[in-house]
Amino acid sequence: MLSPDYLDDCANQLIDHYSELEKRIVADIVRRLLKTGDITETAKWEILKAQELGLLYDDILSLIASQTDVTSNHVRTLFEDAGIETVNIDNEKYRKAGKVPVDIRQSDNMRQVLEAGYQKTLGNLQNLTMTTAITSQTAFINASNSAYMMVTSGAFSYQDAIRTAIKEMAQKGVSVLTDTIKYEGTNKNGQHYTHEDKIDVAIRRNILTGVGQTCKQVSLTNAKENGFDLMEINAHSGARPSHAKWQGKRVSLSGRKGYLSLHDIGYGSAEGFGGCNCRHDWYPVDENDVPMYTTDQLKDFDAKNIEYNGKKYTQYEATQIQRRKEREIRSLKREAVAYDTAIKETDDEELKSKFKEDFTETSNKLKDKEKALTDFTKETGIKRDKSREQVQGFDHSIASKSTWTYKKSQNGLTSAQNGGNIENTIKISMQFFAEKDLKNQNSNTLKRSIKSFEKRIIEHKEKISNPKKYYPNWDTFDERYQNGLKKHWKKEISNFEQSIQNRIEELKNRGDFDE
C-alpha cells in the first residue's frame with residue numbers, strides 16, 4: 001500500500017522535464033512573434049506566418065523527440081520503484097499470516113500488470129505531449145492574427161500589438177489536449193468532449209493516476225495469489241466527498257455480503273477508487289484484524305475544522321483553495337519568463353521598455369500572490385508545497401530580478417505614501433531622456449522617434465485622465481502618491497515634447513521636415 005504522500009510526490013521530478021519543454025516552446029513562440037517585423041502587407045504577412053508556423057511545428061516535434069528517451073527511462077524507474085514498494089509492504093502482512101509470498105520479479109502476473117501500466121501511462125504521456133505541437137500552433141496563429149488585426153485596424157501600433165499578443169500567449173502558457181468523459185451526475189448526456197489542460201497539470205494527473213492504478217492492480221493480483229479476499233482502503237484528509245464515503249472501509253474482492261464491493265467503490269472508473277488523481281490505496285487484511293481507523297477518526301477527516309478569513313473549511317475545501325493559489329503563482333511565473341525572453345530578444349527599444357513594464361507589473365502581482373499563499377498556509381496550518389509553484393525557466397536569475405523589481409516598486413510606494421518627493425521615489429532613467437547626438441542620427445530614425453514620443457504623450461495624458469485603466473487598484477493609493485504619479489507623468493510629457501521639438505529642429509536644418 002502506497003501512502004497518499006508517495007502518490008502525490010511521484011510526478012514531481014518528471015514534471016521538471018515537461019516544464020523545461022514548455023519553457024522552450026513559449027520562448028520559441030515569443031522569438032517568432034518578435035521576428036515578424038512591421039505588419040503592413042497582408043500577402044507578405046500571411047506568407048511569413050505560414051513559414052513560421054511550419055518551422056514552429058517542426059521545432060516542437062524535435063524538442064519532444066529530444067526528451068523521449070529520458071522520459072521513458074524515468075517513467076520505467078518510477079513504476080518499478082512503486083511496484084516493489086507496494087509488494088514489499090503487502091508481503092509483510094502475508095508473512096505474518098503464514099503465507100510464503102513472492103517478490104514482484106518472481107511473479108509473472110504482477111510483472112505483466114506492472115509492464116502494462118507502464119506502457120499505458122508512457123503512451124498517454126507521449127500522446128499528451130504530441131498535442132502540444134497542435135496547441136502551440138494554435139496559440140501562435142491566434143497571437144499572430146490578433147497582432148495583425150490590431151495593427152491593420154489603425155488603432156494600435158506594431159509595438160502595442162506584439163506586446164498584447166505576447167502577453168496573451170504568456171498568460172495561457174502551453175496546453176495539451178485531453179479527451180475527457182463527463183460521467184453521469186456531471187452531464188446526463190454523457191457527452192464526449194475535448195478539453196485543454198496546462199501541460200504540468202495534465203502530466204501530474206497522468207502519472208499519479210497511472211502509478212496509482214497500476215499499483216492497486218498489482219496489490220489485487222498479489223492478494224489473489226496469496227488467497228486473500230479482503231482489502232482495507234486507507235484514508236487521508238482532503239479526500240473529495242465522493243471518496244470520503246468509502247475511505248477507511250473494507251472491500252471484498254469476491255463481493256461477499258457485509259463488505260463493500262468493487263462496484264461500490266467505483267473501481268475501474270475515472271471517478272472512483274483508483275481513478276483520476278485518486279491518492280487512496282488498499283492493504284490486505286483478514287476478518288480479525290483491527291481496522292486502521294476508528295469511526296471518530298474518519299469523521300474528523302470530513303470536519304470543517306480549518307479556519308481561513310473567518311470561515312470554516314474541510315481539509316478538502318482548504319486544499320482546493322491552496323491549489324488555486326498555486327496555479328495563480330505558476331501562471332505569473334510563466335508570464336515573467338516570457339517577458340524576460342522578449343526583453344532579451346527584441347532590438348526595438350520601445351518594445352523593450354514596454355516589456356520591462358510588463359515584467360515589473362507581473363513581478364508585483366507574483367510577490368503579492370506568494371505572500372497571500374504564505375499567509376494562507378500560516379493561518380490554516382496546511383503545509384506549503386513549493387514543488388507545485390515551480391516553473392522551469394523561472395530560475396535564480398529571473399527570480400532575483402523579480403524580487404529586486406518588487407522591492408524597488410514597494411520602496412517607491414512607501415516613500416511616496418510617507419510624503420516624500422515623488423521625483424526621488426520614481427527613478428527616471430536619465431539615459432532614456434538624455435538627448436543623443438542628433439546630428440549623427442539619420443532622418444528616418446529621428447522621424448520614428450518623433451512618432452514614438454507622440455504615442456507616449458497620448459498614453460501619459462490618458463494615464464492622467466483615466467489612471468484606473470493602467471492601475472486597477474488606483475483608489476487604494478494614498479492621495480499624495482496619486483498626485484505624485486500625475487506630477488511625474490506631466491513632467492514626462494514635457495520631456496517628450498522637448499525631445500520632439502529637438503528632432504524637428506534638426507530635420508528642418510536638413511530640409512527634411514514635412515509640416
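**Close-up views of a predicted model**

**View 1. Lys 216 and the ring of Phe 273.** The charged end of Lys 216 sits over the Phe 273 ring, 5.4 Å from its centre. Sitting over a ring means that NZ of Lys or CZ of Arg is within 6 Å of the ring centre and within 35 degrees of the ring normal. Phe 273 also belongs to one aromatic cluster with Trp 246, Tyr 267 and Trp 282.

This is a predicted model, where local features need pLDDT of at least 70, side-chain atom pairs count only at pLDDT 80 or more, and totals for chains, interfaces and linings use all residues. Residues are numbered from 1 along each chain as its sequence is written, and side-chain values use heavy atoms, with hydrogens and water left out.

View 2. A pair of aromatic rings is described by the distance of the centres and the angle of the planes. Rings of Phe, Tyr and Trp (its six-membered ring) pair if their centres lie within 6.5 Å; planes under 30 degrees apart count as stacked, over 60 as edge-to-face and the rest as tilted. The count comes to ten aromatic pairs by this rule. In one of them, the ring centres of Tyr 267 and Trp 282 are 5.3 Å apart and the planes are at 40 degrees, so the pair is tilted. Tyr 267 lies in the loop between strand E4 (250-252) and strand E5 (282-285), and Trp 282 lies in strand E5, so the pair ties together parts that are 15 residues apart in sequence. Helices (H or I, at least four residues) and strands (E, at least two) are DSSP runs, numbered from the N terminus. Trp 282 is buried at 0% relative accessibility. Tyr 267 is partly exposed at 24%. Buried means under 20% relative accessible area, exposed over 50%, and partly exposed in between (1.4 Å probe, protein chains only).

**View 3. Thr 380 in helix H10.** Thr 380 lies in helix H10 (residues 349-380). Thr 380 is buried, with a relative accessible area of 14%. A polar atom of its side chain lies 2.7 Å from the backbone oxygen of Phe 376. The Thr 380 side chain also reaches the backbone nitrogen of Ile 382, at 3.3 Å. C-alpha to C-alpha, Thr 380 and Ala 318 are 8.1 Å apart in space, yet 62 residues apart in sequence.

**View 4. Thr 319 in helix H9.** Helix H9 (residues 315-345) holds Thr 319. Thr 319 is buried, at 13% relative accessible area. A polar atom of the Thr 319 side chain lies 2.7 Å from the backbone oxygen of Gln 315.

Terms used. Polar contact = N/O pair within 3.5 Å; in protein donor to acceptor, adjacent residues only side chain to side chain.
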